[in-house]
Amino acid sequence: MSKGDTKAKHYRVNVIAERCKGCGFCIEFCPKHILHEFTKINSRGYHQAYIENDDKCTGCDICSMVCPDFAIYVVSTEEKPEEEAG
Amino acid sequence: MPEGKYLAGEFFMSGDEACAEGAISAGCRFFAGYPITPATEIAERMSQRLPEVGGIHIQMEDELASLAAVLGASWGGVKAMTATSGPGFSLMMENIGLGLMTETPCVVVNMQRGDPSTGLPTLTGQGDMMQARWGSHGSYRIIALAPNSPQELYDLTIRAFNLSEKYRLPVLIMSESATAHMYEKVVIPPVSEIEITPRRKPTASPEEYLPYKPDSDLVPPMANAGDGYRFHTTGLTHDERGYPAMSAEAQDKLAEAQDKLIRRLVEKIEKNRDKIIELDEDGIDDAEVVVCAYGIPSRVSSRAVERAREEGIKVGMLRLITVWPFPEDRIRQIAGQVKAFVMPEINYGQVVLEVERCAGGMTKTIPVPHMGGGVHTPELILDAIRQAVR
Amino acid sequence: MSKATGDSEKHPLDAYLRTERLPHIWCPGCGCGLVLNCFIRSLLKSGLNLDKVAVVSGIGCTGRVAGYIRLDSFHTTHGRAIPFATGLKLANPELKVVVFSGDGDLLAIGGNHFIHAARRNIDITVLCVNNFIYGMTGGQLGPTTPLTARSTTTRMGSIEEPFNIPYLAAASGATYVARWTTAQVRRLEKAITEALLKKGFSLVEVISPCPTYYGRMNKQASGLDTMKYYRSNSVIKPDIDLKYADIKLNGQIVVGKFVDIERPPIPNL
């Protein structure tokens with residue numbers, strides 16, 4: 001591959017903390033197991049879902065689809081073309 | 001709509017047929033019903049006539065579905081009606097409540113028959129009058145009209161549609177088997193001469209529109225489904241947005257929404273009584289006795305009153321064309337001037353209780369109950385009139 | 001997926017929700033919100049004009065959906081969503097009318113209307129969220145509660161056979177019948193989209209968790225337990241003889257698109 005024409009897709013997982021009811025669906029159904037239960041509780045007393053590092057997110061969107069509370073969604077960002085590793 | 005699809009002229013029609021034609025003249029284009037004696041002929045006529053005017057008739061699986069479909073059709077932007085008798089009327093009560101709460105214009109016709117229960121299906125009665133007022137659970141006001149002839153069934157069905165659009169609620173036509181199946185002359189004017197109240201549509205934009213924010217007459221403008229307003233409506237107690245008025249906060253807030261909404265639903269009728277109530281009065285000014293009647297007994301009463309006058313009794317006649325809201329003020333006025341009210345009804349005494357209540361002890365109230373199956377004879381009412389002046 | 005907006009308090013589907021009423025009333029682990037989520041996605045995929053989509057619901061937990069979706073929506077009386085929807089559709093055939101209600105509302109008190117609407121092939125889409133229980137009123141037996149399952153009115157276990165919804169719908173004349181659980185979100189979304197675009201009585205039954213009542217009383221302590229049960233026990237058998245699509249307590253759940261036939265709908269446009 002030549003330099004300059006590769007775009008890496010990067011996904012960012014957003015949790016709307018105050019809507020999360022800690023049901024655990026997203027955590028369970030994420031195929032990459034990158035969602036976890038947060039140790040602290042939100043203002044309604046639920047342990048929300050959270051993601052430490054969304055590098056491994058493939059953008060499958062399952063977490064967003066199984067959420068009953070509209071509390072999690074995934075957005076894609078397009079990074080600048082990456083340099084080919086030497 | 002081509003003029004030819006509307007009837008115009010003089011016809012020899014039954015009450016049921018006249019009711020159906022009144023609905024069509026009023027712009028009704030949806031009828032959902034279930035067969036029940038003596039209202040079946042309304043459905044039958046609507047099933048033939050509605051397709052002729054571009055409307056829809058559907059026979060539903062029961063009366064609960066019938067009124068539900070009528071409410072749905074109204075929200076779809078079409079004037080809608082159903083017709084039934086006592087047993088079906090009972091089944092419709094919950095959805096009458098939904099219609100009142102969501103402020104859905106529509107017309108419900110009850111051709112009363114001998115009751116309670118299955119009663120006398122092919123014979124006449126007036127036993128549902130209080131049920132018309134109180135039948136659905138909760139606090140509300142309703143409008144009920146009482147025609148006494150096929151001509152009036154035609155005219156008052158049009159009025160019912162107009163009232164239902166103006167005040168946004170189900171309006172009842174309370175008639176009887178005798179009138180439903182009676183054949184008389186009905187004059188139908190050309191459609192261009194008929195006054196129709198259109199639905200009041202919102203002028204606000206979808207972003208600003210509040211479905212239950214009333215205009216100054218306490219009635220909110222009504223958007224139809226598909227108009228782009230994306231509104232919500234519910235049978236739950238709701239606020240001006242149409243949202244259920246529940247909150248995690250104090251019960252006060254909930255109670256306030258309930259009070260505010262229910263008050264408005266009641267007041268929109270109460271404050272407009274004068275425009276809604278219609279009475280037919282004769283010879284009351286110098287009367288000693290007033291016969292108060294509605295529906296078919298009012299016609300028999302006319303004969304009894306005639307004969308009483310021939311005997312020298314000063315008797316007047318007050319016919320209730322609108323039974324609900326009840327003309328409390330007029331009854332109170334008359335009560336102060338007369339020796340008695342005489343009220344024939346084909347039931348064990350229902351609307352007479354209202355007369356008695358409003359007369360407030362100022363005068364006697366003499367019910368003339370007739371248990372149904374037949375119509376009073378003039379003699380029965382005449383006897384009561386004679387008794388009243390004794 | 002949308003491009004990054006940097007705003008993490010606004011969900012991409014918020015435009016289709018009455019966000020001023022969120023968070024919604026459904027319990028943690030309840031499937032109702034998931035079905036609503038799926039429904040919105042299906043609507044967007046269907047390409048339908050959202051100003052012409054009307055949602056009619058009945059009474060019950062699922063019935064509350066009408067209050068959360070930002071479309072013309074009607075929260076009607078118990079069991080009467082289907083005839084209301086019938087009137088609405090007949091009055092304005094341009095509308096896409098969706099009945100979104102629960103197993104009790106649609107099949108018990110509403111059972112008569114269900115079979116007649118299917119028989120008539122009224123052009124409406126019906127989403128029946130089946131959680132096997134009456135959730136809103138606290139966990140009573142419903143028409144789909146499996147034999148021997150516990151509920152607050154059958155504490156020793158139900159002695160009644162439940163309805164087999166796809167069998168009933170197909171026998172009544174429905175032209176599209178599918179069942180999925182909330183664990184099969186992608187297929188559920190596809191089914192709902194198909195049902196929306198299909199002319200005629202189109203039913204999607206969605207098996208959904210009720211952790212607070214049904215689950216708790218029947219060895220599925222959390223919504224997650226129920227979702228795992230669905231994931232492990234669902235079997236896709238679209239060609240099954242529907243009389244075998246019944247669901248036994250904690251048993252196998254047959255899912256799939258069972259019926260997709262052509263029959264003139266009412267209204268026939």
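Helix 1 of chain C and helix 6 (residues 185-197) of chain C pack with their axes 8 Å apart, at an angle of about 50°. Axes here are lines fitted to C-alpha atoms, for helices over the stretch in contact, and angles run from 0 to 180 degrees between N-to-C directions. That angle makes helix 1 of chain C oblique to helix 6 of chain C; angles under 35 degrees count as roughly parallel, over 145 as roughly antiparallel, 65 to 115 as roughly perpendicular and the rest as oblique.

This is a predicted model, in which local features need pLDDT of at least 70 and side-chain atom pairs count only at pLDDT 80 or more, while totals for chains, interfaces and linings use all residues. Residues are numbered from 1 along each chain as its sequence is written, and chains are lettered from A and ligands numbered from 1 in the order in which they are written.

**Helix pairs**

- Helices (H or I, at least four residues) and strands (E, at least two) are DSSP runs, numbered from the N terminus.
- The crossing of helix 1 and helix 6 of chain C is right-handed; a crossing is left-handed if the near helix is turned anticlockwise from the far one by less than a right angle, and right-handed if clockwise.
- Residues of helix 1 of chain C, including C:Phe39 and C:Leu43, meet residues of helix 6 of chain C, including C:Leu188 and C:Ile192. Two residues are in contact if their C-beta atoms, placed from the backbone, lie within 7 Å.
- This helix contact in chain C divides into 8 nonpolar, 3 polar and 3 charged residues. Ala, Val, Leu, Ile, Met, Phe, Trp, Tyr, Cys and Pro count as nonpolar, Asp, Glu, Lys and Arg as charged, and the others, Gly among them, as polar.
- Over in chain B, the axes of helix 3 (residues 63-75) and helix 4 (residues 86-102) come within 8 Å and cross at roughly 30°. Helix 3 and helix 4 of chain B are therefore roughly parallel to each other, and their crossing is right-handed.
- Where these two helices of chain B meet, B:Leu64, B:Leu67 and B:Leu71 are among the residues from helix 3, and B:Leu91 and B:Met92 are among those from helix 4. The contact holds 7 nonpolar, 3 polar and 1 charged residues.

- Which strands make up the open sheet, and in what order? Its 9 strands follow the order 10(B)-2(C)-1(C)-3(C)-4(C)-6(C)-5(C)-8(C)-7(C), with mixed pairing.
- Strand 10 of chain B and strand 7 (234-236) of chain C stand at the edges, each with a single partner strand, so one side of each is left without a neighbour in the sheet.
- Direction ignored, neighbouring strands of this sheet are turned by 20° against each other on average.
- Strand 10 of chain B pairs with strand 2 (residues 72-75) of chain C in the parallel sense, over 3 bridges; two strands pair if DSSP finds at least two bridges between them. Across this pairing, B:Thr233 stands opposite C:Phe74.
- Within chain C, strand 1 (residues 53-57) and strand 2 run parallel and are joined by 4 bridges, with C:Val55 opposite C:Ser73.
- Helix 6 of chain C packs on the sheet, where strand 3 (96-102) and strand 5 of chain C are among the strands that it touches.

**Where chains touch**

- Which chains have the most contacts? Among the 2 pairs of chains that touch, the most contacts are between chains B and C.
- Here, 36 residues of chain B are in contact with 29 residues of chain C. Helix 3 of chain B gives the largest share of chain B's side, 9 residues, and that side divides into 22 nonpolar, 10 polar and 4 charged residues.
- The contact of chain C with chain A takes 27 residues from chain C and 24 residues from chain A. Helix 1 of chain C gives the most to chain C's side, with 5 residues.
- Chain A and chain B do not touch, and their nearest C-alpha atoms are 12 Å apart.

**Two domains in chain B**

- The domain assignment, which is automatic or from a database, gives domain 1 (3-193) and domain 2 (279-389) of chain B.
- The C-alpha centres of these two domains of chain B lie 27 Å apart.
- In their contact, 23 residues of domain 1 of chain B meet 20 residues of domain 2 of chain B. Helix 5 of chain B gives the largest share of domain 1's side, 4 residues.
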